[in-house]
Amino acid sequence: MSQVQHDWPTLKTEYITGNLSIRRLSEIHDIPFSTVKDRASKDHWKTAKTKHRDQIVEKTSAQIANKTAKKLAKELTIADNLSDIIKTALEDNEQFQRYIVHVKDEEGNASDERIFRKRDMKAIGDAVKALGGIVKIKRTIGSLSETDQKSGGVILLPPTLPEPQPPDTTHEG
């Protein structure tokens, strides 16, 4: 009686990289469950599957962290550039006294920039609001801990503690 040859490397790969149980794998390939189970145990398929999944999670987390870090760097660069623009505008003492005035000239309508003594409170309010937004962005980015930045925003929770047991109210004696 000849022994049936099975493609064990293929079965092992299907088990490790897929979502099939040993039982389902044996059904698909029409191999007795005990035969596949014994081979999986002998060759440590479960350990290999766990290792494979851990590697996938690690690589995925690294990719997410890298993408998040790049996004945060871009946002911080934008916030810095906006800060510089507002700083430059504030260095001009007449910035909030400048108005665009529409005047009619011989050729039709034209715009003219004029400086008045009155301050443009709306423009000052807009600048304050923009500066507040920039500060909020910088504080949000700056408040991320190094661990949060490396994990790409994934927050790892500590293991839960066991439920406290009620005190023993029975007394011997």
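This is a predicted model: local features need pLDDT of at least 70, side-chain atom pairs count only at pLDDT 80 or more; totals for chains, interfaces and linings use all residues.
Which residues of H1 are buried? They're Trp8, Leu11, Tyr15 and Ile16. If you look down the axis of H1, those buried residues fall within an arc of 125°, so they line one face of the helix. That goes with some helix geometry you'll remember: an α-helix has 3.6 residues a turn, so residues three or four places apart point the same way.

Now, the core. The largest nonpolar core is made of 10 residues: Trp8, Leu11, Tyr15, Ile16, Ile22, Leu25, Ile31, Val36, Ala40 and Trp45. Leaving out anything up to four places away in sequence, Leu11 touches Leu25, His29, Ile31, Val36 and Trp45.

Next up is H4, residues 45-91. How many residues does H4 have? There are 47, and from first C-alpha to last the helix reaches 68 Å, close to the 69 Å expected at 1.5 Å a residue. The buried residues of H4 are Trp45, Lys49, Ala65, Leu72, Ala79, Ser83 and Ile86.

Let's stop at lysine 49, which sits in H4. Lys49 is buried yet has no salt bridge. The nearest side chain of opposite charge is glutamate 14, and that's 10 Å away. So what does Lys49 touch? Again skipping residues up to four places away in sequence, it touches Tyr15, Ile16, Gly18, Asn19 and Leu20.

Last stop, the loops. Most residues other than glycine have a negative phi. Here are two with a positive one. Aspartate 30, in the loop between H2 and H3, has a phi of about 55° although it isn't a glycine. Histidine 44, in the loop between H3 and H4, isn't a glycine either, and its positive phi is about 60°. Buried or exposed, then, for Asp30 and His44? Asp30 is exposed, with a relative accessible area of 70%. His44 is exposed as well, at 51%, and the cut-off for exposed is over 50%.

That's my tour, thanks everyone.

Terms used. Residues are numbered from 1 along each chain as its sequence is written. Side-chain values use heavy atoms; hydrogens and water are left out. Helices (H or I, at least four residues) and strands (E, at least two) are DSSP runs, numbered from the N terminus. The expected span of a helix is 1.5 Å times one less than its number of residues. Buried means under 20% relative accessible area, exposed over 50%, partly exposed in between (1.4 Å probe, protein chains only). A nonpolar core is a set of buried Ala, Val, Leu, Ile, Met, Phe, Trp, Tyr and Cys residues joined through side-chain atoms within 4.5 Å. Contact means heavy atoms within 4.5 Å. Lys and Arg count as positive and Asp and Glu as negative; His and the chain ends are not counted. A salt bridge is a side-chain nitrogen of Lys or Arg within 4 Å of a carboxyl oxygen of Asp or Glu. The arc is that of the directions from the helix axis to the C-beta atoms.
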